[in-house]
Amino acid sequence: MEVTYKFLTAKEIHSPEYIELQNRIHGKNGYASRLNRIEHYAAMGDFRVIVAIINGRMVGQSAAYKVKAIIEGREQVFFWGCDTFLLPESRGYGVGKHMQNELHKACPNFSSAWYSPINGIIKRKCGSIDFLDLKFTYYPVSNFCGFMWQLVSAKLFKKRQTVKAHVPFLYYNLNKLFHKNKLKGYEVVEIHYSELGEEIAEFMVNSLKGYDFYIKRDLDFLRWAYGYKEGQYHMLLIKQNDKIHSVVAFSKIHNATHVIARFNGVSILDLVISPDSELTTKDILLYVIQFHKERNEKIEGVITFEQMNYFPKFIYPNPSVPLLSTYGKKLPKGYVSFIDQDMDQL
């Protein structure tokens with residue numbers, strides 16, 4: 001068996017061989033369905049795809065895209081790992097590990113969340129170490145018992161079972177009972193993609209300076225990240241006396257998945273609060289839920305990386321999942337949100 005590896009050029013990403021690989025992995029129209037995603041990554045200016053070739057035929061790929069990160073107060077190049085795929089018949093030969101190893105060597109600060117045990121183990125063998133702790137968290141709005149039953153039934157019976165255990169806005173109302181509404185004196189403005197400007201970018205960059213790590217939210221990044229999701233999210237500006245206190249962006253209601261449980265809800269894409277503000281993450285979370293309640297839009301829950309004083313909540317895995325990186329050490333305080341990374345690793 002002859003195995004070779006190759007970094008593709010921009011032209012080769014449109015080659016018949018690569019199109020065939022995508023179609024074999026993702027179905028008959030796999031390449032067409034992934035092309036928009038590929039072009040999105042490439043728009044950041046440095047998108048790298050490595051493919052494995054066995055006996056002259058492409059059998060798998062791994063990729064990474066570059067962004068600008070602020071790490072310990074200094075702007076640095078940062079690569080997110082993404083889109084790692086390998087045909088089933090090509091597994092077990094070390095092909096996936098070799099592709100990952102090449103990206104580890106070629107991409108500064110190569111990083112990826114531990115979404116699966118196999119992928120995480122491979123990355124550690126290639127030299128990545130724990131960089132940050134991530135907490136994927138589900139906050140119930142109308143459904144917690146039914147959500148938990150999906151998880152329990154899958155473990156006990158090897159089959160995810162659903163039950164109707166929805167009480168509209170039950171958990172929101174319980175949390176609101178013991179929470180002082182701080183937003184009465186604030187103005188809330190919805191910002192559309194076309195209105196993204198330097199004011200918002202400067203606010204986000206300045207507000208995140210207290211973190212050891214964050215992806216730099218300059219205007220180029222915001223337009224790149226939110227342009228890809230245009231029409232699929234809401235962004236709210238929370239102001240007082242013409243001063244921005246918070247920016248929160250969240251997906252429109254969709255059929256979401258947390259671990260293996262499915263629910264109709266929203267994902268927090270960004271939640272940034274000024275260090276000078278009295279507002280808390282829980283204030284913003286409750287307002288996001290209120291946003292839907294005022295519109296008579298039923299949601300079962302909200303998922304986010306942020307940790308909030310909200311009860312109950314479900315964190316998976318408990319206590320956290322590592323963000324692995326070649327940076328070289330673990331940092332105590334980082335800001336990572338769902339808009340930062342778009343990994344799809346199988």
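Is Glu20 buried, partly exposed or exposed? Glu20 counts as partly exposed, since its relative accessibility is 33%. Keep in mind throughout that this is a predicted model.

**View 1. Arg57 and Glu20 pair up in a salt bridge.** Here the closest N and O atoms of the two side chains sit 2.5 Å apart. The bridge links distant parts of the chain, with Arg57 in strand 3 (residues 57-71) and Glu20 in helix 1 (residues 16-26), 37 residues apart. Arg57 has a relative accessible area of 39%, so partly exposed is the label for this residue.

**View 2. Arg37 meets Asp83 in a salt bridge, 3.0 Å from N to O.** Arg37 belongs to helix 2 (residues 30-42) and Asp83 to strand 4 (residues 74-86), so this pair ties together parts 46 residues apart in sequence. Arg37 is buried, at a relative accessible area of 11%. Asp83 is buried too, at 4%. Arg34 joins in as well: salt bridges with shared partners make one network of Arg34, Arg37 and Asp83. Across the model, the salt bridge count comes to 16.

**View 3. Helix 4 (residues 117-125) has a buried side.** Asn119, Gly120, Ile122 and Lys123 are the buried residues here. They lie on the same side of helix 4 because they cover an arc of only 160° around the axis.

**View 4. Six acidic residues form a negative surface patch: Glu187, Glu198, Glu199, Glu202, Asp220 and Asp242.** Helix 7 (residues 198-207) supplies the largest share of the patch, three residues. Glu202 is found in helix 7. With 47% relative accessibility, Glu202 falls in the partly exposed class.

**View 5. Val152, Leu156 and Phe157 make a nonpolar surface patch of about 290 Å².** Leu156 has its place in helix 5 (residues 145-157). Its relative accessibility is 56%, so Leu156 counts as exposed.

**View 6. Thr4 and Ala52 come together from 48 residues apart along the chain.** Their C-alpha atoms are separated by 6.0 Å. Thr4 sits in strand 1 (residues 3-7). This threonine, Thr4, is partly exposed, with a relative accessible area of 33%.

**View 7. Glu294 and Arg295 form a salt bridge.** The closest N and O atoms of this pair are 4.0 Å apart. Arg295 is partly exposed, its relative accessible area being 41%.

Conventions
Residues numbered from 1 in each chain as written. Predicted model: local features only at pLDDT ≥ 70, side-chain atom pairs only at ≥ 80, totals over all residues. Heavy atoms only, no water. Patch = residues over 30% accessible without salt bridge, like charges linked within 9 Å, V, L, I, M, F, W, Y side chains within 5 Å. Areas by Shrake-Rupley, 256 points an atom, 1.4 Å probe, with all protein chains shown as cover. Lys, Arg positive; Asp, Glu negative; His and termini not counted. Charge placed at Lys NZ, Arg CZ, Asp CG, Glu CD. Helix = DSSP H or I, 4+ residues; strand = E, 2+ residues; numbered from the N terminus. Buried < 20%, exposed > 50% of the residue type's maximum accessible area, 1.4 Å probe, protein only. Arc of directions from axis to C-beta.
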